[in-house]
Amino acid sequence: MKLTVFGATGGVGREVVRQALEAGHEVTAVVRDPARLDVPAHGRLRVAVVADVTDEEALVPVLTGSEAVVSALGPTNNKQARLTPIAGPALRSIVSAMDRAGVRRLSAVSAAPVAPDTPEDGALTRVVVYPILRRLLRDLYADLAVMEAAISASTTEWTVIRPPRLLNRPRTGTYRRAVDGNVPGGKVIARADVADALLTALTDPSATGHTIGVAA
């Protein structure tokens with residue numbers, strides 16, 4: 001499959017690129033600074049330098065010929081999200097550029113606290129943990145919520161992956177999944193497993209049009 005990966009220099013994005021290449025895919029990694037792409041050179045890896053991922057006109061030629069898109073874009077912290085939201089504005093441009101380029105399939109990473117509360121989350125999470133996180137990181141989650149709205153309103157065949165706290169651990173491939181909700185008791189997951197979930201969703205028709213909660 002020919003994939004275009006946004007956010008390729010981030011922790012999840014680098015794992016997406018590595019795993020996609022290992023799986024035999026052709027990958028276009030979209031970056032602002034190629035020096036930050038900590039992935040060895042590969043015959044099936046193309047690096048596309050795009051200064052502004054909200055620039056739809058710049059994205060169309062990058063996406064042309066691709067079969068699917070993975071977005072690992074997101075604010076690195078709450079301050080960045082408050083000053084310069086990235087996920088929402090970028091995905092609005094990406095899904096529009098995908099439509100123009102004829103690319104249908106999209107998977108994107110969000111975050112578990114963006115999901116509506118459900119009884120399965122547990123009383124402690126609903127009453128204590130999520131309210132604290134949503135207060136401390138309100139701008140970050142607001143950016144991701146705008147991103148999710150842009151994706152769900154698009155014509156793409158989309159899947160949104162919602163992980164809890166991310167850890168730098170090896171891929172296990174044995175994480176739990178919950179469709180249109182969060183994993184009960186899910187507190188952490190490896191970035192490598194989030195990358196696995198993003199890639200797996202692309203070839204899973206049952207994931208199309210759904211949010212998928214993932215956790216260890």
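Trainee: Where is N182 placed?
Mentor: N182 is in the loop between β8 (176-179) and β9 (188-190); helices (H or I, at least four residues) and strands (E, at least two) are DSSP runs, numbered from the N terminus. This is a predicted model, in which local features need pLDDT of at least 70 and side-chain atom pairs count only at pLDDT 80 or more, while totals for chains, interfaces and linings use all residues. Residues are numbered from 1 along each chain as its sequence is written, and side-chain values use heavy atoms, with hydrogens and water left out.

Trainee: Is N182 buried or exposed?
Mentor: N182 is buried, at a relative accessible area of 7%. Buried means under 20% relative accessible area, exposed over 50%, and partly exposed in between (1.4 Å probe, protein chains only).

Trainee: What does the side chain of N182 reach?
Mentor: It reaches the backbone oxygen of A112 at 3.0 Å. The side chains of N182 and Y130 are also joined by a polar contact of 3.3 Å. A polar contact is a pair of N or O atoms within 3.5 Å; within protein, one must be able to donate a hydrogen and the other to accept it, and residues adjacent in sequence count only if both atoms are side-chain atoms.

Trainee: Which residues touch the most other members of the largest nonpolar core?
Mentor: They are F6, L63, L91 and I94, in a core of 32 residues. Such a core is a set of buried Ala, Val, Leu, Ile, Met, Phe, Trp, Tyr and Cys residues joined through side-chain atoms within 4.5 Å. Its largest share, 8 residues, comes from α4.

Trainee: What about α1: which of its residues are buried?
Mentor: V12, G13, V16, V17, Q19, A20 and L21 are. Just after α1, G24 takes a positive phi of about 95°.
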